[in-house]
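Visitor: I have a model open and some questions about its packing. Can we go through it piece by piece?

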Amino acid sequence: MSWAACCANKQMQDLVFGGSDTSMYRDAAKGRREASCQWCFELVQMFVIGKSVTWICCNCKGVSDACEKCGQPVRSATIRKDNFKTCSICFLKNFKKVEKQKIAIISAPRTLAQLQKELEKDSVPRANAAKAGMLRPFLLLVSLPPVARMQIAINLGWTFIVDACLGDAHAEAWDVIARKGLGLRDRMTRMRDSWMRREVNWYSVLLPLCEELCVPAYMNWSEEFVSPKLSYAEALSECHSAKPSNIDALENEFSDKIGKHQRARMSSLQACSLAELKNSEPIRKLLAVPCLQGQAIQPLLSYAIDSSYLQLARRDGSDGTGAVEPDDLLLDVIDFFSGVCEGEKDAFKACITAREGKMGRDGVVSERDENPPGSILNANIAGFWLTMDLLDIDTSAPSGRVLAPILQMLLHKARLSMHGIRIEDYCRKDF
């Protein structure tokens, strides 16, 4: 009997799975259901993975198993280790309370002065990061909005929405770096083939990722990268330096190469369409905005335009050949630059037209899609998932797990430079 036939037979369901799971397996046969995600704590659409009852959240991409008591999709970390695999909704009854707390933290505005105060603040997590040679990624994580840190944790395999560190930027940032078995440090050691496990610093996180994704097996490092390849002693010294010029150059070069690899995967039709859009009046106004003229902004600007175009071209369910209007592309690129502080979109007022909407393929202007306040969708992670899809990167592999978080951190560095913030300026007093 096939899997689909089994799930369509009520008697077979009751015999194998029990009567309480009948509706859950019927939903699995349909391929989707509406449920509360225990990764992002939102009411979302869940999609079944293959021929199974493993679900994936449409919003945060968290993978969940099924609760045997209520059939609710639930992340495995919250399943009770007893005779019944039940979710936290069944025995804690605190879902709504956690949801309200999460929305309050995400929706809280943050000024530029508050961000600078967070970057300057002394704390135990900051001291631990400085000692471990991870101060640079620590400060980048602190500068990210809370919703972005939540999404990064989900990508790496856990959520701190129910942890005590929720709302503390320094505690959350150090948790992303150092959580045992799941943080950036422990995940990157799995990419090493050597049995000599040296201490992982920021350079030893970037190096294997660059080698695996950007350096083919038939090429040397120097043939692909301008930045020199450092020894362990040199890298350790660089990570503890107040001005790590080599690491800064490697970060910029890596993010630029990922953007170029994505651009190379475009079809000739997409490349021509994007070239025409760049010559349109709205995009030319955008490229002339003063805050986008710096050299550090260019990798982010190119990636934002390419990624926004590819998402808009696929919004109607096509294979990436959908029509894209210049005003739609402009608004999505401006959204891509948000995430530093409130009022950051004021710099783009001159290039935004009066029309607020999205043009469909049928020529009808509909109301512009806006993410709900307090939603995990405000992390704007869809572009990074699309990049991994285009580059054929396995999201379950170590490199696939860490690419989206690291790329988000490196591109955020360019966002900070738009507001005159340099991470190096906040590293000096730690050494």
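Guide: One term before the rest: a residue is called buried when its relative accessible area is under 20%. The model is predicted.

Visitor: Fine. How many residues of helix H9 are buried?
Guide: Helix H9, residues 146-156, has 10 of its 11 residues buried, so under that cut-off the helix is mostly covered.

Visitor: Which ones are they, the buried residues of H9?
Guide: Val147, Ala148, Arg149, Met150, Gln151, Ile152, Ala153, Ile154, Asn155 and Leu156.

Visitor: Moving on to the core. Which residues touch the most other members of the largest nonpolar core?
Guide: Trp202 and Phe337, in a core of 119 residues. Helix H21, residues 398-418, supplies the largest share of this core, with 11 residues.

Visitor: What does phenylalanine 337 touch?
Guide: Leaving out residues up to four places away in sequence, Phe337 touches Leu292, Ile297, Leu300, Leu301, Ala304, Glu344, Phe348, Arg415 and Met418.

Visitor: Now helix pairs. At what angle do the axes of H18 and H20 cross?
Guide: Roughly 85°, and the axes come within 10 Å. H18 covers residues 298-313 and H20 covers residues 382-390. Angles of 65 to 115 degrees count as roughly perpendicular, so H18 is roughly perpendicular to H20.

Visitor: Which residues make the contact?
Guide: From H18 they are Tyr303, Ser307, Leu310 and Gln311. H20 contributes Ala382, Gly383, Phe384, Leu386, Thr387 and Leu390.

Visitor: How many are nonpolar, polar and charged?
Guide: The contact of H18 with H20 has 6 nonpolar residues, 4 polar ones and no charged ones.

Visitor: Is cysteine 210 buried or exposed?
Guide: Buried, at 0% relative accessibility. Cysteine 341 also counts as buried, at 12%.

Visitor: Last one, glutamate 120. Where does it lie?
Guide: Glutamate 120 lies in helix H6, residues 112-120. Its relative accessible area is 44%, so glutamate 120 is partly exposed.

Visitor: How far is its C-alpha from that of aspartate 425?
Guide: The C-alpha atoms of glutamate 120 and aspartate 425 are separated by 9.4 Å, with the two residues 305 apart along the chain.

Notes
Residues numbered from 1 in each chain as written. Predicted model: local features only at pLDDT ≥ 70, side-chain atom pairs only at ≥ 80, totals over all residues. Heavy atoms only, no water. Core = buried A, V, L, I, M, F, W, Y, C linked by side-chain atoms within 4.5 Å. Buried < 20%, exposed > 50% of the residue type's maximum accessible area, 1.4 Å probe, protein only. Helix = DSSP H or I, 4+ residues; strand = E, 2+ residues; numbered from the N terminus. Contact = heavy atoms within 4.5 Å. Axes fitted to C-alpha atoms, helices over the stretch in contact; angles between N-to-C directions. Parallel < 35°, antiparallel > 145°, perpendicular 65-115°, else oblique. Nonpolar A, V, L, I, M, F, W, Y, C, P; charged D, E, K, R; others polar.
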